[in-house]
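This report covers how the chains are arranged, how they meet, and how selected side chains pack. The sequence and structure come first.

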6 protein chains.
Amino acid sequence: MTATDAVAPAVAARLLADAIPYIREFAGRTVVVKYGGNAMGDDETARRFASDIVLMRLVGIDVVVVHGGGPQIDHYLDQLGIESERIDGLRVTDEQTMDIVRMTLTGKVNPELVAAINVHGRYAVGLSGADARMLVVEPLDPRLGFVGEIVSVDPHVIQGILDAGEVPVIAGIGVDDAGRAYNINADTAAAAIAAALGAAKLVYLTNVAGLYRDFPDESSLVSEISIHDARKLLASGAVGTGMIPKVESCIQALEAGVERAHIVDGRRDHVLLLEFFTREGIGTMITGPAA
Amino acid sequence: MTATDAVAPAVAARLLADAIPYIREFAGRTVVVKYGGNAMGDDETARRFASDIVLMRLVGIDVVVVHGGGPQIDHYLDQLGIESERIDGLRVTDEQTMDIVRMTLTGKVNPELVAAINVHGRYAVGLSGADARMLVVEPLDPRLGFVGEIVSVDPHVIQGILDAGEVPVIAGIGVDDAGRAYNINADTAAAAIAAALGAAKLVYLTNVAGLYRDFPDESSLVSEISIHDARKLLASGAVGTGMIPKVESCIQALEAGVERAHIVDGRRDHVLLLEFFTREGIGTMITGPAA
Amino acid sequence: MTATDAVAPAVAARLLADAIPYIREFAGRTVVVKYGGNAMGDDETARRFASDIVLMRLVGIDVVVVHGGGPQIDHYLDQLGIESERIDGLRVTDEQTMDIVRMTLTGKVNPELVAAINVHGRYAVGLSGADARMLVVEPLDPRLGFVGEIVSVDPHVIQGILDAGEVPVIAGIGVDDAGRAYNINADTAAAAIAAALGAAKLVYLTNVAGLYRDFPDESSLVSEISIHDARKLLASGAVGTGMIPKVESCIQALEAGVERAHIVDGRRDHVLLLEFFTREGIGTMITGPAA
Amino acid sequence: MTATDAVAPAVAARLLADAIPYIREFAGRTVVVKYGGNAMGDDETARRFASDIVLMRLVGIDVVVVHGGGPQIDHYLDQLGIESERIDGLRVTDEQTMDIVRMTLTGKVNPELVAAINVHGRYAVGLSGADARMLVVEPLDPRLGFVGEIVSVDPHVIQGILDAGEVPVIAGIGVDDAGRAYNINADTAAAAIAAALGAAKLVYLTNVAGLYRDFPDESSLVSEISIHDARKLLASGAVGTGMIPKVESCIQALEAGVERAHIVDGRRDHVLLLEFFTREGIGTMITGPAA
Amino acid sequence: MTATDAVAPAVAARLLADAIPYIREFAGRTVVVKYGGNAMGDDETARRFASDIVLMRLVGIDVVVVHGGGPQIDHYLDQLGIESERIDGLRVTDEQTMDIVRMTLTGKVNPELVAAINVHGRYAVGLSGADARMLVVEPLDPRLGFVGEIVSVDPHVIQGILDAGEVPVIAGIGVDDAGRAYNINADTAAAAIAAALGAAKLVYLTNVAGLYRDFPDESSLVSEISIHDARKLLASGAVGTGMIPKVESCIQALEAGVERAHIVDGRRDHVLLLEFFTREGIGTMITGPAA
Amino acid sequence: MTATDAVAPAVAARLLADAIPYIREFAGRTVVVKYGGNAMGDDETARRFASDIVLMRLVGIDVVVVHGGGPQIDHYLDQLGIESERIDGLRVTDEQTMDIVRMTLTGKVNPELVAAINVHGRYAVGLSGADARMLVVEPLDPRLGFVGEIVSVDPHVIQGILDAGEVPVIAGIGVDDAGRAYNINADTAAAAIAAALGAAKLVYLTNVAGLYRDFPDESSLVSEISIHDARKLLASGAVGTGMIPKVESCIQALEAGVERAHIVDGRRDHVLLLEFFTREGIGTMITGPAA
């Protein structure tokens, strides 16, 4: 049973009409959505995420999906009995591990996302940062092996797919000058891609409600914060560990011209539609100087 | 208060998601909507009509509005004390009367429709069939004066405006080879324009619920009928007088390749959204061989 | 009998050849012509104006016509017995009056100009400043009602029609943020449109011979004047009342990059052809810094 | 003194206006003009020819000039003391002779035509049938050496120059599969090019008044003839020797879809303007099935 | 040491010049290369294959790579202890097996090919038949599970990447109407893609020298054969088992308009360059009616 | 016998593969090659030059050929018994002499180059600086007559031919504002064209090995020099007379943004292929600030 069955069609029609100002605001603009491994819950959540992305595309938003897949990588490494050392919390990634990382991201997580979206039609095209050397990296630290830091983004393949009215779904993998694959932080990749595309918005789907002024005090959830105050909050040490790279990525994207960055709870149903097309302000919005 | 205020945002979001298959069906296709003088009710109805048109545009439908304005013309002729003779129900239109017809359609009805739509942004562009000689006519009957029958349609100005992502709003006025303006039937004009544009759908907004098998018996409302059966119904004499030109126009458009024609009640709130984006089948749908 | 009948075809051919340097000068450039209510004389003058516009189009000039219609508005207000108060010479424009202004400009003057041009083919497309919110205004003075001052021009619809090889004919009506129509000064509208289009020339067709240094002394007609001297002449108080808004509009357009502005007598036969394609310098030319 | 000086500017303006229907007829269409060696008279005639071509270009005609240069070739062969044998009236063309033919056509006649046109601006671009292998030939008769018969035309370079708003001026030289240059009949070349471009008109400028039913009886000049009757006239033997290839070329072009072919006297002043832009019908017009 | 080091640069230069006619033949045309799991030998072979593809791209060939990965799939199934049943030689593919198939093809084989090509620059973009629902399949046999038969190809994403001057590398995976992934025969996929793109050539890189009239008699290698004779050879039962699907795929592609199909030994160094750019005819060429 | 016959096809294939990095470097970039009268040796050299140009075109270089023809001009002047005075080494060029210059360059040298290139297909299009007034000049010195100095370059016709994938071959002739032809230095013309096109490279084919630090001491051949040092070398007086205009032209081109200029020996076989596609560094390379 669809939701529409629960209300009179006349109500549904009026609700659609109410979405006009929200749709107008982003028509023809680019939005980058980071879909995280942790935010990927059950199949039903994935189905709703996919339909949200399709609706955003249908109302004229140039939407780009970037994803990582930490938990899935852990699962396969486990299954194959490969153990990883960690240095400062980062996984030491040798060639064999990188192979599993790549197989998981481009061979499992990415095609599943593409398939979920394409249930609705010819929309999603799967890519990784290695395609046409989209995400060029340098090694972050020689001790870490194939862990890369993004040094440049060439967004022309992404743009070509957007221009054809489709949805690029990008696995967070980078490539060095010799063409070798690297593990990269997908949060950072999403921010770098948003900056390179001149996106209007960057949205992080996470498994928390947003940014807290005083984590984990739930009443301290920040609904809107300027880039200036976000920097101060980071400096204060109040931001939870898992949230730090997201906030740093938001700041980088905003500094590079993205107008707004959002951290929202990806486990909520249709959270993207709520954020984009209703009066409901959800999660945390960080506003940059270009907003 | 918007409709959304009446339901939880979460419900609104789910309703939007439910519209995906309907939106996909018409994205990138052309739809011609005839907005009749009689269907133009109070200001609120006009506002809802305008927002429906904007939403159709926003979700990627190339929407064209064609209108007449019989009641408004009567009003101004009255006010100026100009009396019209009629032959077989058609108004004898001398030069002075034609002047009032044109002033009413292109100077009053058309800009009001344009204004109602443009409350939402830079969407509507007003035109008449005289612009770039879009609708070329011949005199229907020498006794009727400036009453024209369409002999050709040049849709390139309409198409240019659609290609720019805007909404052409077209007053039903024709022009002869010498450039003189003629009064034409707006129902016929809508069908001719739909045919020339290769539209997927032609929708008549009227002030009745649809086509009746046995007018005015309300239980005889036809919800779907083939072009073949519609021709038989016409021949049977059962179609009400006011409905005859609409049904004939539908048949002509369907024969010229339009896939579906609809006759719906323009007085219902958001009737276009109901028809296009919900499960609710309303009014009468006539299907052609191209459907 | 055409003019050509009066001379040998060989002379006609040589005259055409003589026009080459004049045609070359403006091929591919944009020219805005303000056609005023007062300059609109008898039908014969209108026919000649229309054929001049068509010839300009045929030789590759992107020509835009802007018009007002003061006398015609007065006529209809009179006929309907509506009286207007005036403050500082400007008509107080309530909703009813604005309705008549709009009906007259977009329902009468505009389609007649379009029809006169389209006698020659598929050239003219009628528009008003309300189409796609082309001319956005603010109220000039709360006491005056719907009298607007232009705050921005979006010329993309005009440009689209020019790019299609057609002639936009624009009624001088503006629109506020809520989509309401306003009466605006057509001289100012023409200048604002010329500036927004980066026009090479702006030509005012009036019912006087041009600008006088010492109005109404006919021997003081100015044939060429710089923007600097035009400003001084305005400051000196020597410019006639009716001419002041035209001269001010010229100065604004020239300051915004238009190269030359002309004030010529629209009652002269083929005055535009004389001005553009013969050695005859007519009326007054004001040259800006971009000339 | 220009012609315009001899008449009042007002008369000149009216004459320009009279040209509108003629200009409209050919705007955007392609016309091929064969400018013959014999039609090239004094410098003054060349100057007028050049200005006619420029005016045609300025009013939107896609005009192509094709030329030969028989008399000029004779002059240089003479000057260098090279004697030519003739078989059936055709010059036996050995390598040395072909060298002079090419030097004369592409090194002398072509650049002089280009220069005459470019006095008016950046219009003419000189080409020969050897450029991008535009005119591919086979040897006509082994005894004749480098005398070619056209077997195919690739008009894309010509079309590119027309699309850029310029005037291709083409020397009548062909090229075989090995890239060797051949002498070809420029009348035939003009017809083949007109056919390949889908030209509306093909005009031969010659040094006679047109086609005669009974050459050289001047009263038998044909002003208009169908392709059917032209074939009969050719078969009757009444066509003068020099005129035969022109009439045959006209017939070939008309059969290939060119609408009208004209044979006119290139020595008359502004003969192209007379033909294209005045009521004066001159020379002979042959009409094909596509007219 | 490069090969060039072994010969004088002057010889190298002359060899490049000798390649001109071969380069000309395929410039601007589309070629599909099937790179098989068995043909993928050591890293050095892969490096040479990649550089051949890049050279083909650089000289203007629109080159598409299609690949399978049978041996690699076997390796991972083995490693994970997943056993497959076979029916008539085809692997029964349940959901778990399909997951490994997809991980291997899109997560391992495909990115390695992309990486090998991108050593030379921004060329390769990895895709699978699931992207934008490029390869739509139906289940081949319900007993086989996720083994699909191609029912339609939508090549627009491939074409877009070719138009951008890049090299699509496509994993042989299909998708049904519900978006589920299927295992497909990569030989068939290559043929279907070649047909959909209107390719000039389809090349199979295998691990045999070509097609044998009397396998495994080496002297019976066929260097050229018509589609007609290839059909007869298939019917005769002389074609080796592994070669049957390749020959059938060739026939299907040729029937659909591909001009030539080649079966060559992918283990030879620079086999594509030999085939495309030297006089050396290698392997087996099958010519269709369009050749 | 081709060079490839002399080596195994496998070697040829490997040599092609070795050219990849060289081809990549210039793909899509513009290169101007000056082909000098003196560098034009026997037919075999011309054939090789032509095939080099075709190969450069085939691998995606936008290649432009500029040529003079001093020796050929001398030959024809001699043959016609026309004597030229010289002032400061420059030929006094009266109208008759200019006629021979133009006939030689555009009627003899240019079509022979075009023909040599077009042996390979539809590649070369012959032009001169008079076409569409590409090279506008002023008289260099009134005593020299028609000897011009370039004052502006309009490269749009060249660019149009490059964009169509063809090779413009340009005779070094200029044109003044009145459309008269002038003799110009082809070295300077090549540099001016390279600058106007924003070329990556400018190559002079001469009949010496390159630039010498101490001419004619062969051991003093300079293989690479900066623009700074080239200026000093010029000032030192060590540069041979014939080389001075080439070096000056190189410096001008480099100052205008060309990245590298080369002076190489045009008599060497396939010198362009050696220079562009092998490791062999030949002649002299001058590097500018943009390199």
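At what distance from the ring centre does F:Lys201 lie over the face of F:Phe276? The distance is 4.5 Å. In chain D, the charged end of D:Lys201 sits over the ring of D:Phe276, 4.4 Å from the centre of that ring. These values, like the others below, come from a predicted model.

**Arrangement of the chains**

Two copies of a chain are related by a rotation about an axis and a shift along it. Chain A can be laid on chain B by a turn of 180° and a shift of 0.0 Å along the axis, with an RMSD of 0.0 Å. The two copies are thus related as by a two-fold rotation axis. Of the residues of chain A, A:Val59 comes closest to this axis, with its C-alpha at 2.2 Å. The same surface serves both copies, since 100% of the contact residues of chain A recur in chain B.

Chain E is superposed on chain A by a rotation of 180° with 0.0 Å of shift along its axis, and the RMSD is 0.0 Å. Here E:Gly107 is the residue of chain E that comes closest to the rotation axis, at 1.9 Å for the C-alpha. Because 100% of the interface residues of chain E are also interface residues in chain A, the copies meet through the same surface.

The contact between these chains takes 35 residues from chain E and 35 residues from chain A. About 2,800 Å² is buried between chain E and chain A, 51% of it on carbon and sulfur atoms. On the side of chain E, the residues that lose the most area to chain A are E:Met103, E:Arg122 and E:Arg133, which together account for 23% of what that side buries.

Other chain pairs do not touch. Chain A and chain C have their nearest C-alpha atoms 14 Å apart, and for chain B and chain F the nearest C-alpha atoms are 27 Å apart.

**Aromatic pairs**

A search of the whole structure finds 24 aromatic pairs over all chains. Two of them are listed here.

| Pair | Centre to centre | Angle between planes | Arrangement |
|---|---|---|---|
| A:Phe146 and A:Tyr182 | 5.2 Å | 70° | edge-to-face |
| B:Tyr35 and B:Phe49 | 3.8 Å | 10° | stacked |

A:Phe146 lies in the loop between strand S6 (135–139) and strand S7 (148–153) of chain A, and A:Tyr182 in strand S10 (residues 181–183) of chain A, so this pair ties together parts that are 36 residues apart in sequence. Both A:Phe146 and A:Tyr182 are buried.

In the other pair, B:Tyr35 belongs to strand S1 (residues 30–35) of chain B and B:Phe49 to helix H4 (residues 43–58) of chain B, so the parts tied together are 14 residues apart in sequence. B:Tyr35 is buried, as is B:Phe49. Ring pairs also link A:Phe26, A:Phe276 and A:Phe277 into a cluster.

**Nonpolar core**

The largest nonpolar core has 112 residues, of which D:Val32 and F:Val32 touch the most other members. Helix H8 (residues 186–197) of chain D gives the most to this core, with seven residues.

Which residues does D:Val32 contact, leaving aside its neighbours within four places in sequence? They include D:Val64 and D:Val66, along with D:Ala190, D:Ile193, D:Ala194 and D:Leu197. Also among them are D:Ala199, D:Leu202, D:Val203 and D:Lys201.

Technical notes:
Residues numbered from 1 in each chain as written. Chains lettered and ligands numbered in written order. Predicted model: local features only at pLDDT ≥ 70, side-chain atom pairs only at ≥ 80, totals over all residues. Heavy atoms only, no water. Least-squares fit on C-alpha atoms with pLDDT ≥ 70 in both. Contact = heavy atoms within 4.5 Å. Phe/Tyr/Trp six-rings, centres within 6.5 Å; stacked < 30°, edge-to-face > 60°. Helix = DSSP H or I, 4+ residues; strand = E, 2+ residues; numbered from the N terminus. Buried < 20%, exposed > 50% of the residue type's maximum accessible area, 1.4 Å probe, protein only. Lys NZ or Arg CZ within 6 Å of the ring centre and 35° of its normal. Core = buried A, V, L, I, M, F, W, Y, C linked by side-chain atoms within 4.5 Å. Buried area = accessible area lost by both parts, 1.4 Å probe.
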